[in-house]
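Visitor: I am new to this structure and would like to learn how to read its features one at a time. Could we begin with the charged side chains and go on from there?

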Amino acid sequence: MVKRIVTASVLSLCCLVPAVPAHADGPRTMPQVAGQGLVSAYAALRYDTSVRLKDGRGAGRHVLWPAGWKVCAQDPAAGTDLRGRRVTLTVVKRTESCR
């Protein structure tokens, strides 16, 4: 009986450890994200990257549901060192075309 309790406690504790972000130790260069969906673009960036979204239509719309948007342009360009830089992604809704 004691073995079962200890085993259950260990299993419970191991599941509480937070997962390490996929790109925590990855390169600090900007990936190519223009042309991708916004969710994919976020996944390609490191978790600590400062990202600003800009409405590609110039209407000042805010992104409430990232899955419904795509990236038309990015600043800085792919391959640029990101240390100390903010990323700006110009986005439009998935049903709209990039100009």
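Guide: A salt bridge is a side-chain nitrogen of Lys or Arg within 4 Å of a carboxyl oxygen of Asp or Glu. In this predicted model, arginine 46 and aspartate 48 form such a pair, with their closest N and O atoms 3.2 Å apart. Residues are numbered from 1 along each chain as its sequence is written, and side-chain values use heavy atoms, with hydrogens and water left out. Because the model is predicted, local features need pLDDT of at least 70 and side-chain atom pairs count only at pLDDT 80 or more, while totals for chains, interfaces and linings use all residues.

Visitor: Is arginine 46 buried or exposed?

Guide: Buried means under 20% relative accessible area, exposed over 50%, and partly exposed in between, with a 1.4 Å probe and protein chains only. Arginine 46 counts as buried because its relative accessible area is 14%, whereas aspartate 48, at 38%, is partly exposed.

Visitor: How many salt bridges does a search of the whole structure find?

Guide: The search finds six. One of them joins arginine 83 to aspartate 81, with the closest N and O atoms at 3.1 Å; here arginine 83 is exposed at 59% relative accessibility, and aspartate 81 is partly exposed at 35%.

Visitor: Which residues are linked in a network of salt bridges?

Guide: The network links Asp55, Arg57, Arg61 and Glu96. Within it, the side chains of arginine 61 and aspartate 55 meet at 2.9 Å, N to O. Arginine 61 is partly exposed, at 26% relative accessibility, and aspartate 55 is buried, since its value is 8%.

Visitor: Where is the place of aspartate 55, and what does its side chain reach?

Guide: Helices (H or I, at least four residues) and strands (E, at least two) are DSSP runs, numbered from the N terminus. Aspartate 55 lies in strand S1, residues 50-55, and its side chain reaches the backbone nitrogen of glycine 60 at 3.2 Å. Contact means heavy atoms within 4.5 Å, and, leaving aside neighbours within four places in sequence, aspartate 55 is in contact with Gly60, Arg61, Trp69 and Val91.

Visitor: Which residues make up the largest nonpolar core?

Guide: In soluble globular proteins, nonpolar side chains tend to be buried together. A nonpolar core is a set of buried Ala, Val, Leu, Ile, Met, Phe, Trp, Tyr and Cys residues joined through side-chain atoms within 4.5 Å. The largest one here has 11 residues: Met30, Val33, Leu38, Ala41, Leu45, Trp69, Val71, Leu82, Val87, Leu89 and Val91. Helix H2 (38-44), strand S2 (69-75) and strand S3 (86-93) each give two or more residues to this core, and the largest share, three residues, comes from S3. Beyond its neighbours within four places in sequence, leucine 38 is in contact with residues including Leu53, Trp69, Val71, Leu89 and Val91.

Visitor: What is the order of helices and strands along the sequence?

Guide: The protein has two helices and three strands, which follow the pattern α-α-β-β-β.

Methods: A polar contact is a pair of N or O atoms within 3.5 Å; within protein, one must be able to donate a hydrogen and the other to accept it, and residues adjacent in sequence count only if both atoms are side-chain atoms.
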